[in-house]
Amino acid sequence: MFVAILYIVLVIVLVWSIVHGRKVIRTERTDAVFGNPIRTQGGYHWVACGVSSLMLVWFTFSWDAGRAFFPNAANELCQVAKLNRALNPVRSAFPLDNRHLLGTRILKRDLHQIELLSEQLGEMGLAETDREKISALISDLRQTLVLQASTEYMAPGIMGRFQDVAARIKQLARDIQSEDFPGPADETRLAEALAQPGWGESSTEIPVLPKTERGRIFDAAAEIMTGITADYSEIRNDGPDLTGRIEDIRQSIEELEAIAVQQEHKDILSDIEKISKRIDDFRVFPTQVTQGIEASLILLEQAMQDRQGSLRFIDAWALPGGNILAGNNACSEQGSGRWLPKPSDTLATFIWMADPGQGYKGFPLFWYKMKPVSEMVDFIVPDWIADLIPGEYGHHDEQGDIDYGFKDSIYNFATGDFDSFSVPVPTGHIWDSILRVLAGLFLGILLGVPLGLFMGLSRFAKGYFDPLVELYRPVPPLAWAPLILTIFGIQDDGKIFLLFMVAFAIMVISARTGATGTQLSKIHAAHSLGASNRQIIQQVILPNSLPEILTGIRISIGVCWGTLVAAEMLAGTTGIGFVENVARKQSDYEIIWMTIIVMGVLGLLFDLIMRFVIDRTIPWRGKG
Amino acid sequence: MSDLVTDNLNMVFDLPDGSSVHALKDVTFTLRKGEILSVLGPSGCGKTTLLNIVAGFLHPTGGSIKLGGSVIEKPGVDRGMVFQQGALFEWLTVADNVNFGLRMKNADKADTKQKVEEWLDIVGLQGFGETPTYQLSGGMQQRVALARCLINDPDLILMDEPLGALDALTREKMQSLVLKIWKETGKTIMIITHSVEEALLLGERLFVMAPRPGRLHKQYRLPFAEMGLHGDPREIKNEEDFVQTREEILAMIWNMEEEIMGKVEAA
């Protein structure tokens with residue numbers, strides 16, 4: 001319901017934005033010439049246009065719109081698919097989907113192979129008598145094959161059986177079109193069908209029992225057709241003449257095999273035997289006897305199309321790029337509906353996983369947990385701080401009492417051994433990923449910016465550190481990953497170090513560019529205003545490099561984010577990349593898409609924050 | 001006794017390809033306290049090199065240079081500088097630019113604030129203290145640069161084509177401002193310029209330099225700066241004396257340029 005409303009809204013937005021955009025283009029003609037950058041300003045209606053068309057494509061090709069507007073379509077198409085499935089063995093024998101009759105195809109194939117055999121025989125160095133015997137055998141084989149197509153040797157009763165099948169299919173076609181078919185619904189069966197989980201509500205995808213009147217027609221027809229197909233499949237052109245001939249051929253092969261010595265002699269006999277076993281199927285019939293079935297199949301086809309009516313249109317428009325296949329226990333979506341998860345399902349998956357009790361692999365996506373302050377103190381404050389306090393640690397006296405001093409209290413504080421209140425701390429897959437990026441980025445800035453400035457100011461530093469940075473920087477971060485993760489472990493340390501490497505190189509280069517780009521006259525001015533070297537770095541070079549440094553941070557965040565996700569896929573037990581990797585192994589398309597979208601949104605968010613920070617902190621950029 | 005005394009200044013730059021350029025040759029002059037000097041010359045005559053040596057950004061390869069009796073070895077607050085583009089710190093406000101020198105010395109804050117107000121008043125920028133400098137026009141930026149330099153109370157003010165990037169009208173106003181400041185503060189000022197008129201108008205003394213090697217070609221002592229303090233600069237520019245000297249110097253520079261072109265073509 002929600003999806004349907006949203007879809008209609010999206011269509012309205014799309015149409016509005018195009019109409020509005022056309023109107024605005026008219027003013028554009030008067031106020032700017034082509035190439036004027038002003039023409040790119042504004043234009044939020046085109047953002048609406050882009051977003052809505054993107055969403056419409058997603059809704060349509062994932063079949064989400066189809067499901068919203070026609071919730072029963074899949075169930076009905078499932079019944080049609082059932083009938084097609086039952087029909088298929090018969091249908092495939094006739095030139096409806098194929099170009100030739102099944103019998104024609106068999107004849108063509110087998111005759112070709114027999115031809116090859118006789119050619120092979122000519123090239124073999126067999127004794128003359130052996131060759132003649134085998135040659136006679138091959139010619140018998142060919143004759144037996146060809147005789148199947150003749151009405152003269154046809155098995156008795158075949159004509160009648162084919163006519164029966166044709167008549168039943170024709171009757172089925174008439175039934176499908178009639179109003180009474182398939183009679184009143186069985187109450188219990190209908191109740192059972194209606195009790196099935198809906199489309200996409202369970203792992204069985206599409207419910208298999210017919211829920212609607214139209215569905216029931218095809219379901220019943222499929223049942224009848226299954227019977228007809230079974231009878232049809234039993235028909236064989238195994239008249240006594242032909243079976244007798246095959247018997248003879250078998251016998252001759254056995255006799256010849258008994259006396260065969262050479263390997264190629266034995267080989268050709270076994271090839272002949274293989275073909276004889278295939279002919280043994282007797283699936284070639286005289287064309288006249290099967291014509292009736294072909295005609296009634298066309299009638300049935302017509303009847304199915306008529307009866308489907310609007311369903312065929314829904315299939316083409318609302319479920320594009322694929323169809324629905326019937327299986328034994330459930331029907332499944334084949335095509336874009338399968339690998340492109342529906343937006344509503346993706347959102348539902350996200351909401352389901354966002355529940356902290358649910359999470360993914362026992363770890364929430366983004367939540368908080370209460371953590372005692374003492375633990376954090378233990379982590380942050382080094383234990384040796386207590387050693388710096390003058391005095392001795394407490395020791396026990398003769399009564400066994402221990403006199404704790406101030407030094408002990410400090411030690412207990414540093415090791416987190418005290419009662420404390422708890423504070424909420426963020427936790428979860430998404431948070432872990434963000435934290436890793438921020439930690440790597442922070443370390444990269446902390447060390448990269450000073451080094452970059454140093455390299456921009458000193459010939460020594462530039463020469464000394466340049467090879468190091470320039471050699472490791474061009475290596476794709478992921479190429480480092482296996483090594484770094486081996487050294488530092490697959491937990492946070494390794495990933496943070498990897499991200500640090502990425503951010504460090506970018507920060508060094510941008511800080512260096514910023515420092516070398518400082519106008520000489522500004523440095524001169526600062527010198528003659530009495531600034532010391534340290535003040536020049538702090539007050540002139542650093543602020544002057546700020547645009548480059550902030551741009552570097554913006555680039556670093558993007559690259560770190562990309563590297564992190566890949567690194568999490570390689571190893572680890574938490575993080576958004578880990579979630580996607582596990583989902584990939586389970587072919588869980590909804591979760592894969594959900595993680596992709598989460599990553600996209602977070603990446604966008606990081607970038608927006610950086611853009612905001614850049615606008616705020618360096619408004620003079622490009623105006624100096 | 002804060003005169004600027006140079007004795008046989010020589011500056012030779014060694015180029016990476018092994019050759020060398022004689023940028024200054026035997027430059028000897030004395031600039032007395034309170035004098036205003038303009039230096040004129042075709043491009044490549046070493047004006048800026050001379051200024052950089054006085055400022056302490058370059059060390060001469062020969063000769064000596066002293067300000068107030070002590071040798072100039074490095075940049076210092078006794079020599080304030082004003083650059084062509086202002087060279088303002090665009091991340092700071094006008095006030096923060098002006099008080100930069102005092103902040104570097106950790107001067108008293110209230111005192112600093114008062115001084116900034118005074119100097120903004122003098123250069124005609126009252127009320128612009130909190131304006132970001134990147135929003136100012138070119139003329140206003142130069143006023144800030146002047147104030148920033150003067151607030152440090154330097155003995156000598158060095159100006160490297162300070163008015164070169166300004167439009168004609170602003171330029172005239174700024175010339176008057178420079179003269180006003182010269183009069184009111186009694187500072188020694190050294191101005192490097194491309195404009196002959198400006199050099200004549202502002203320079204109590206005027207050096208014309210010649211290129212290859214850069215040297216002092218001719219020295220003048222002129223009355224126009226003194227006149228400019230009282231009279232209208234535009235009238236001064238029309239005086240016979242002014243016009244005559246202007247034509248003389250222009251011809252001189254013209255000949256130098258011709259000579260350089262000749263040398264280049266001959267080579």
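What percentage of the 624 residues in chain A are buried? Buried residues account for 31% of chain A, where a residue is buried if 20 or more other C-beta atoms lie within 10 Å of its own, exposed if 12 or fewer do, and partly exposed in between, with C-beta atoms placed from the backbone. This is a predicted model, in which local features need pLDDT of at least 70 and side-chain atom pairs count only at pLDDT 80 or more, while totals for chains, interfaces and linings use all residues. Residues are numbered from 1 along each chain as its sequence is written, and chains are lettered from A and ligands numbered from 1 in the order in which they are written.

**Overall form of chain A**

- Chain A contains 26 helices and four strands; helices (H or I, at least four residues) and strands (E, at least two) are DSSP runs, numbered from the N terminus.
- Chain A is more spread out than a compact globule, because its radius of gyration is 40 Å, well over the 25 Å that the globule rule gives for 624 residues. The radius is taken over C-alpha atoms, and the rule is 2.2 Å times the number of residues to the power 0.38.
- Along the principal axes, the C-alpha atoms of chain A fill a box of roughly 120 × 80 × 75 Å.
- Chain A is divided into domain 1 (2-61), domain 2 (67-340), domain 3 (371-426) and domain 4 (428-617), with bounds that come from an automatic or database domain assignment.
- The centres of domain 2 and domain 4 of chain A, taken over C-alpha atoms, are separated by 63 Å.
- Of the contacts in chain A between residues at least 6 apart in sequence, 78% join residues at least 24 apart. Two residues are in contact if their C-beta atoms, placed from the backbone, lie within 7 Å.

**Where the chains meet**

- On chain B, 21 residues are in contact with 17 residues of chain A.
- Both β6 (79-82) and α3 (100-104) of chain B supply at least two residues each to the side of chain B that touches chain A.
- That side of chain B has 13 nonpolar, four polar and four charged residues. Here Ala, Val, Leu, Ile, Met, Phe, Trp, Tyr, Cys and Pro count as nonpolar, Asp, Glu, Lys and Arg as charged, and the others, Gly among them, as polar.

**Nonpolar cores**

- A nonpolar core is a set of buried Ala, Val, Leu, Ile, Met, Phe, Trp, Tyr and Cys residues joined through C-beta atoms within 7 Å.
- The largest such core has 129 residues, and L499(A), A503(A), V54(B) and M190(B) have the most contacts inside it.
- Helix α22 (residues 492-516) of chain A gives the most to this core, namely 16 residues.
- Not counting residues up to four places away in sequence, L499(A) touches R436(A), V437(A), G440(A), L441(A), C560(A), T563(A) and L564(A).
- Another core, of 40 residues, lies apart from it and includes C78(A), A166(A), I176(A) and L300(A).

**A sheet in chain B**

- Four strands of chain B form an open sheet in the order β2-β1-β4-β5, with antiparallel pairing; two strands pair if DSSP finds at least two bridges between them.
- The edge strands, each pairing on one side only, are β2 (20-31) and β5 (70-71) of chain B.
- Strand β1 (residues 4-14) of chain B is joined to β2(B) by eight bridges, and F13(B) stands opposite V21(B) in β2(B).
- Five bridges join β1(B) to strand β4 (residues 62-67) of chain B, where N10(B) stands opposite G62(B) in β4(B).
- Two bridges join β4(B) to β5(B), and K66(B) stands opposite V71(B) in β5(B).
- The hairpin of β4(B) and β5(B) has two residues between the strands, and G68(B) in this hairpin takes a positive phi near 55 degrees.

**Backbone details**

- D26(B), in strand β2 of chain B, has a positive phi of about 45 degrees although it is not a glycine.
- D26(B) is partly exposed because 14 other C-beta atoms lie within 10 Å.
- E161(B) lies in the loop between β7 (156-160) and α6 (168-185) of chain B, and its phi is positive, near 45 degrees.
- E161(B) is partly exposed, since it has 19 other C-beta atoms within 10 Å.
- F181(A) and P182(A) are joined by a cis peptide bond with omega of about -5 degrees; P182(A) is in the loop between α7 (158-177) and α8 (187-194) of chain A.
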